[in-house]
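Here's a quick tour for anyone opening this structure for the first time.

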Amino acid sequence: MNSTGAEAFLNVVDVEATCWPGSPPPGAVSEIIEIGLTVVDLDAGERVARHRILVRPSRSTVGDFCTELTGLTQDEVDRGVSFAEACRLLAAEHRAGARAWASWGDYDRHQFVRQCRATGTPYPFGRRHTNAKAAFTDVHGLRKRPGMAQALRFAGLPLEGRHHRGEDDAWNIAALVLHLAGRGGWPQDPER
């Protein structure tokens with residue numbers, strides 16, 4: 001707890017979803033196949049935990065394009081948990097409903113909303129979400145919102161791991177959150 005009594009931990013989330021070079025095949029929809037989550041201790045200024053949840057898609061498959069982008073294969077995600085179980089794990093093990101969270105842009109948040117509605121799964125997160133891409137853009141006075149890799153270069157930070165791997169991207173986004181916090185640019189009570 002920090003001096004205001006609020007928890008200083010933040011969940012940084014990045015998802016990977018089934019994808020194609022064009023439109024989805026008939027009957028297929030984009031579904032989350034990996035959830036990367038890094039816990040950041042904002043008071044200590046460090047990344048304190050790193051998690052990965054593989055999610056088994058039910059209305060799509062992982063094709064060559066998706067594997068090339070994410071490194072994930074159909075065999076790998078077949079060993080994952082259902083989307084409903086992944087949401088339960090986020091709430092039970094990662095305090096997703098109580099803890100503030102962040103993602104790079106709004107894609108991840110919107111993907112969860114869409115998929116929860118489509119499957120009847122309770123939304124696992126609370127209302128305190130920060131769009132880290134918007135915060136980075138504002139703090140640095142940029143005209144365009146950069147991608148994560150571009151933001152890392154701009155901030156002089158290394159890209160660790162594989163880009164478009166949820167676990168690694170969450171870790172890298174967490175580094176950008178800490179960069180912003182170090183400049184006094186991270187919202188104390190995110191409501192974005």
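Let's start with a crossing: H6 and H7 cross in a left-handed way, meaning that the near helix is turned anticlockwise from the far one by less than a right angle (clockwise would be right-handed). Keep in mind that this is a predicted model, where local features need pLDDT of at least 70, side-chain atom pairs count only at pLDDT 80 or more, and totals for chains, interfaces and linings use all residues. Residues are numbered from 1 along each chain as its sequence is written, and side-chain values use heavy atoms, with hydrogens and water left out.

**H6 against H7**

- Helix H6 covers residues 148–155 and helix H7 covers residues 166–182; their axes sit 10 Å apart at an angle of about 40°.
- Helices here are DSSP runs of H or I with at least four residues, strands are E runs of at least two, and both are numbered from the N terminus.
- Axes are lines fitted to C-alpha atoms, for helices over the stretch in contact, and angles run from 0 to 180 degrees between N-to-C directions.
- H6 and H7 are therefore oblique to each other (under 35 degrees counts as roughly parallel, over 145 as roughly antiparallel, 65 to 115 as roughly perpendicular, and the rest as oblique).
- On the H6 side, the contact (heavy atoms within 4.5 Å) uses Met-148, Ala-151, Leu-152 and Ala-155, while H7 brings Asp-169, Asn-172, Ile-173, Leu-176 and His-179.
- Sorted by class, the residues of the contact of H6 with H7 are 6 nonpolar, 2 polar and 1 charged (nonpolar: Ala, Val, Leu, Ile, Met, Phe, Trp, Tyr, Cys and Pro; charged: Asp, Glu, Lys and Arg; polar: the others, Gly among them).

**H5 against H7**

- Helix H5 (residues 132–140) also packs on H7: the axes come within 10 Å and cross at roughly 35°, and the crossing is left-handed.
- From H5, Ala-132, Ala-135, Phe-136, Val-139 and His-140 meet Ile-173, Leu-176, Val-177, His-179 and Leu-180 of H7.
- The contact of H5 with H7 has 8 nonpolar and 2 polar residues, with no charged ones.

**Aromatic rings**

- There are 6 aromatic pairs, counting Phe, Tyr and Trp rings (the six-membered ring for Trp) whose centres lie within 6.5 Å; planes under 30 degrees apart are stacked, over 60 edge-to-face, and the rest tilted.
- Trp-101 and Phe-125 are stacked, at 3.9 Å centre to centre with 15° between the planes.
- That pair links distant parts of the chain, 24 residues apart: Trp-101 is in strand S4 (residues 101–103), and Phe-125 is in the loop between helix H4 (107–119) and strand S5 (129–131).
- Phe-112 and Phe-125 are edge-to-face, with 4.9 Å centre to centre and 85° between the planes.
- Trp-101 and Phe-125 are both buried, and Phe-112 is buried as well (buried is under 20% relative accessible area, exposed over 50%, partly exposed in between, with a 1.4 Å probe and protein chains only).
- One aromatic cluster is formed by Phe-83, Trp-101, Phe-112, Tyr-123 and Phe-125.

- Leu-90, in helix H3 (residues 83–94), is buried with a relative accessible area of 0%.
- Leaving aside neighbours within four places in sequence, Leu-90 is in contact with residues including Ile-35, Leu-37, Phe-112 and Phe-125.
- Glu-76, in helix H2 (residues 74–78), is buried too, with a relative accessible area of 16%.
- With neighbours within four places in sequence set aside, Glu-76 is in contact with Arg-52, Leu-54, Gly-71 and Arg-165.
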